[in-house]
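Take a walk through this chain, one neighbourhood at a time. Keep the sequence beside the 3D view as you read.

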Amino acid sequence: MVQINESKMIARLRSGDITALEYVYMEYADRLYSFSLSICKSKETAEDIIANVFLMVYNYLSSGKQIRNLKSFLYTSVRNATYDEIKFSSRKEPLPEDDIYKSNTLDICEKVLITLLLDRLPSDEREIILLYCYEGFLHKEIANILDIPEGTARWKYRNAIAKLKTWMGGVDND
């Protein structure tokens, strides 16, 4: 898909253009779904959260409110909505689904291993790894999304990578 111009999309959304919402949805929905699923472990919950977040973003912007970075706003909204859902949910969620970490180059055993290793990390470190490695956010952007200092984001990333390397038997794939 062609990379969207965020400032133009924000302007179109602010004017109430539903087609702009479709473009934004097509660009971000799958990755946001995977991000939410990695936290809540429920396909249905993640789907509901994504639908609600896109509706909220459309209503927010079409009411005339402004945001600077659409991608960060979406990830922050999904993260907050997912944790809100977990907080208010009394049911136990199943183990992660195999499709959390999409890749055409990994076989199923590698995907399962990555999922299991990432699930051993504390949730804050796992989020940082997912945002940095899978979504391509910079440490500064991650710090903004998670509302932590940039140095903390960098430290937690390095700490998580060290743990993963240890758990993998010291394998260095750099």
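Glu 135 touches Arg 31, Lys 71, Tyr 75 and Leu 130, leaving out residues up to four places away in sequence. Contact here means heavy atoms within 4.5 Å. Glu 135 lies in the loop between helix 6 and helix 7 (139-146). Helices (H or I, at least four residues) and strands (E, at least two) are DSSP runs, numbered from the N terminus. Is Glu 135 buried or exposed? Its relative accessible area is 11%, so Glu 135 is buried. Buried means under 20% relative accessible area, exposed over 50%, and partly exposed in between (1.4 Å probe, protein chains only).

A word on the source: this is a predicted model, where local features need pLDDT of at least 70, side-chain atom pairs count only at pLDDT 80 or more, and totals for chains, interfaces and linings use all residues. Residues are numbered from 1 along each chain as its sequence is written, and side-chain values use heavy atoms, with hydrogens and water left out.

Step back to helix 6 (residues 123-134). Helix 6 has 12 residues and spans 15 Å from its first C-alpha to its last, close to the 16 Å expected at 1.5 Å a residue. That expected span is 1.5 Å times one less than the number of residues. The buried residues of helix 6 are Glu 125, Arg 126, Glu 127, Ile 128, Ile 129, Leu 130 and Leu 131. Just after helix 6, Gly 136 takes a positive phi of about 80°.

Now the rings. Ring pairs link Phe 35, Tyr 75 and Phe 137 into a cluster. Rings of Phe, Tyr and Trp (its six-membered ring) pair if their centres lie within 6.5 Å; planes under 30 degrees apart count as stacked, over 60 as edge-to-face and the rest as tilted. By this rule the count comes to 5 aromatic pairs. Take Tyr 25 and Phe 54: their ring centres are 5.0 Å apart and their planes stand at 65°, so the pair is edge-to-face. This pair links distant parts of the chain, with Tyr 25 in helix 2 (residues 18-40) and Phe 54 in helix 3 (residues 43-62), 29 residues apart. Tyr 25 counts as partly exposed because its relative accessibility is 39%. Phe 54, at 4%, counts as buried.

Charges also meet rings. The charged end of Lys 71 sits over the ring of Phe 137, 4.6 Å from its centre. Lys 71 also touches Glu 135. Elsewhere, Arg 120 lies over the face of Trp 167, at 4.1 Å from the ring centre. The rule for a charge over a ring: NZ of Lys or CZ of Arg is within 6 Å of the ring centre and within 35 degrees of the ring normal.

Move to helix 4 (70-88). Thr 82 lies in this helix. Its relative accessible area is 0%, so Thr 82 is buried. What does Thr 82 contact, leaving aside its neighbours within four places in sequence? The partners are Ser 36, Ile 39, Cys 40 and Ile 49. Thr 82 and Leu 37 are 45 residues apart in sequence, yet 8.6 Å apart in space, C-alpha to C-alpha.

Lys 41 lies in the loop between helix 2 and helix 3. Its phi is near 65°, a positive value in a residue other than glycine. With a relative accessible area of 13%, Lys 41 is buried. Asp 147 also has a positive phi, about 60°, although it is not a glycine. Asp 147 is in the loop between helix 7 and helix 8 (150-167). At 71% relative accessible area, Asp 147 is exposed.

Asp 147 is also one of the residues that line the second largest pocket. Among the others are Ile 67, Phe 73, Thr 76, Lys 140 and Asn 144. The elements that give two or more residues to this lining are helix 4 and helix 7. Helix 7 supplies the largest share, 4 residues.

Finally, the whole chain. Its secondary structure comes to 8 helices and 0 strands. Of its 174 residues, 40% count as buried. Residues 24 or more positions apart account for 63% of the contacts with a separation of 6 or more. As for the pocket, the search runs on a 1 Å grid over the protein atoms alone with a 1.4 Å probe; a pocket is an open set of points with protein on both sides within 12 Å along at least five of seven lines, and lining residues have an atom within 4 Å of a point.
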